[in-house]
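Open the model in your viewer and keep the selection panel at hand. The tour moves from stop to stop, with something to select at each.

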Amino acid sequence: MQNNTKKAKVPLTFKDKEAGSYFIMGFANFVNHQIGKGLLFLGIEIGYIIFMALKGVSLIQGLYTLGTKKEGWVTVPGEALPILQKGDNSMLFLIYGVAAVVITGLFILMYFINLSSARKLVSDRLEGKRPNSFKQDIKSLADERFHGTMLTLPVLGILFFTVLPIIFMILIAFTNYDSKHQVPGNLFHWVGLTNFANMLGANKILSGTFFHVLGWTFVWAFFATFSNYFLGIIVALMINKKEIRFKGMWRSILVTTIAIPQFISLLVMQNMFNLYGPINEFLVSLGFERVDFLTNNATNARIVVLLVNLWVGIPYTMLITSGILMNIPNELYESAKIDGASAVQIFFKITMPYVLFVTTPYLITQFIGNLNNFNVIFLLTGGAPTTTEYYQAGKTDLLVTWLYKLTVNNYEYNLASTIGIFCFIISATISLLTYHQSASYKSEGDFQ
């Protein structure tokens, strides 16, 4: 009979000869003749102490101050003329300070691994077991703990090349790093939650812009997602009808829009809806007035971006839905027809629940993707029409395009970072809540 009782951890007390590991990493390994492993722990501790003494303390201090010396001409006692003083670079202070904190975190992790190793040695000694040699530990890392060995480098890579930049960008939201505080000529400093407060109401123009853009972002995401979804399903149902001929040709025509790079399709559409583009010329030839589709009329521009989004979005839904429709058992439809169900009842009782169950994760992905859909808005309208009511944003700008303008055009990195955090919170909250409430999550076995 298998014993599933969890083995109790042996505490490391100061009466044990291995207790020196509390102060000297690897001490327990040395007293148990694990010289290689002990040297590894001791080397990490010595390396960290040297790093902190030479650089670490000043880097963490720099993270607190973000620099104190501005670049410029200063008068030095004893000098006849002013000299150019090289200033601090707040950005480097922030990056290096965060790196020092991450290194400290890794050292703390290694310290606890050292204590865990010491407890293991105490446990082995009490049970009369012989401690592993360094060679046996290496062999273990290449055998039963191989998964941990393989994950070490990717985890470190993610930590320094993904997590560290994300932390840096998040921290920018708590500074005043904008066009007036550009490095290296000027310094920027911590401002706490000021940017969030300004965005949520303290600054009228900023908060007004934020809530208007946020509202349009939700409207856009809702209509862009569900119009593509339901129209894509309808197109797929029509093409999959037995009576429809040349199914391959119809699918090929729609798939062509996917094959063409999206930015080309969008730029072509932008030219077609231009004030002097082919559509307006056609309207003039019929005796109508020119219509300002994209530039100065917010309602027209919003309708056009939603319509163009149908052109580039429906083929994706059509393809996915076609595959799902082919996998619905025909017996279900035959049974429903024998029972006298109408076409509408069959659609809402069999087809739609099946499609919705399979595509719910796709639907959530599409909604989140549309919340952050940069291409359609930027390439069609560029956020136009512009308005003096908004701060650096137009009537069709989404949060993500407004963020882009603040960063590239105006160097308002602090506001852009704040908006980025809001985008993440909104996207993560909606994704988690909707998926956990969906049938795909709650009733996974119903359609298997």
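**Stop 1: an aromatic cluster.** Select Phe174, Phe196, Phe210, Phe211 and Phe422. Ring pairs join these residues into a cluster. Bear in mind that this is a predicted model.

The rule used here gives 21 aromatic pairs. Zoom in on the pair Phe210 and Phe422. Their ring centres are 5.0 Å apart and the planes meet at 45°, so the pair is tilted. Which parts of the chain does the pair link? Phe210 sits in helix H7 (residues 204-239) and Phe422 in helix H16 (residues 413-437), so look for distant parts of the chain, 212 residues apart.

Now colour by accessibility. Phe210 is buried, with a relative accessible area of 2%. Phe422 is buried too, at 13%. Both values fall under the 20% cut-off for buried.

**Stop 2: another ring pair.** Select Phe14 and Phe23. The centres of these two rings lie 6.3 Å apart, with planes at 35°, so this pair is tilted. Buried or exposed? Phe14 and Phe23 are both exposed.

**Stop 3: a charge over a ring.** Select Trp216 and Arg302. The charged end of Arg302 sits over the Trp216 ring, 4.7 Å from the ring centre.

**Stop 4: the largest pocket.** The largest pocket has a volume of about 1300 Å³. It is lined by 35 residues, and those closest to its centre are Lys37, Phe41, Ile113, Leu141 and Arg145. Select these five to centre the view.

Helix H2 (35-65), helix H3 (90-127), helix H4 (134-141) and helix H5 (146-172) each give at least two residues to the lining. The largest share, eleven residues, comes from H3. Colour the lining of the largest pocket by class: 17 residues are nonpolar, eight polar and ten charged.

**Stop 5: the second largest pocket.** The volume here is about 790 Å³. Of its 18 lining residues, Leu237, Asn240, Lys241, Tyr333 and Lys337 are the closest to the centre. Helix H8 (247-259), helix H11 (298-326), helix H12 (330-338) and helix H13 (343-371) are the elements that supply two or more lining residues. By class, the lining of the second largest pocket holds eight nonpolar, three polar and seven charged residues.

**Stop 6: a serine in H11.** Select Ser322, which is placed in helix H11. Ser322 counts as buried, at 4% relative accessibility. Which residues does Ser322 contact, leaving aside neighbours within four places in sequence? Show Ala236, Asn240 and Arg251.

**Stop 7: backbone details.** Hide the side chains and go to Ala384 and Pro385. A cis peptide bond joins them, with omega at about 5°. Pro385 is in the loop between helix H14 (375-380) and helix H15 (399-408).

Move to Phe246, in the loop between H7 and H8. Phi of Phe246 is near 55°, a positive value in a residue other than glycine. Phe246 counts as exposed, at 54% relative accessibility.

Finish at Tyr411, in the loop between H15 and H16. Tyr411 is not a glycine, yet has a positive phi of about 55°. At 41% relative accessibility, Tyr411 counts as partly exposed.

Terms used:
Residues numbered from 1 in each chain as written. Predicted model: local features only at pLDDT ≥ 70, side-chain atom pairs only at ≥ 80, totals over all residues. Heavy atoms only, no water. 1 Å grid on protein atoms, 1.4 Å probe; cavity = no way out; pocket = protein on both sides within 12 Å on 5 of 7 lines; lining within 4 Å. Points joined across faces, edges and corners; volume = space filled by probe spheres on them. Helix = DSSP H or I, 4+ residues; strand = E, 2+ residues; numbered from the N terminus. Nonpolar A, V, L, I, M, F, W, Y, C, P; charged D, E, K, R; others polar. Phe/Tyr/Trp six-rings, centres within 6.5 Å; stacked < 30°, edge-to-face > 60°. Buried < 20%, exposed > 50% of the residue type's maximum accessible area, 1.4 Å probe, protein only. Lys NZ or Arg CZ within 6 Å of the ring centre and 35° of its normal. Contact = heavy atoms within 4.5 Å.
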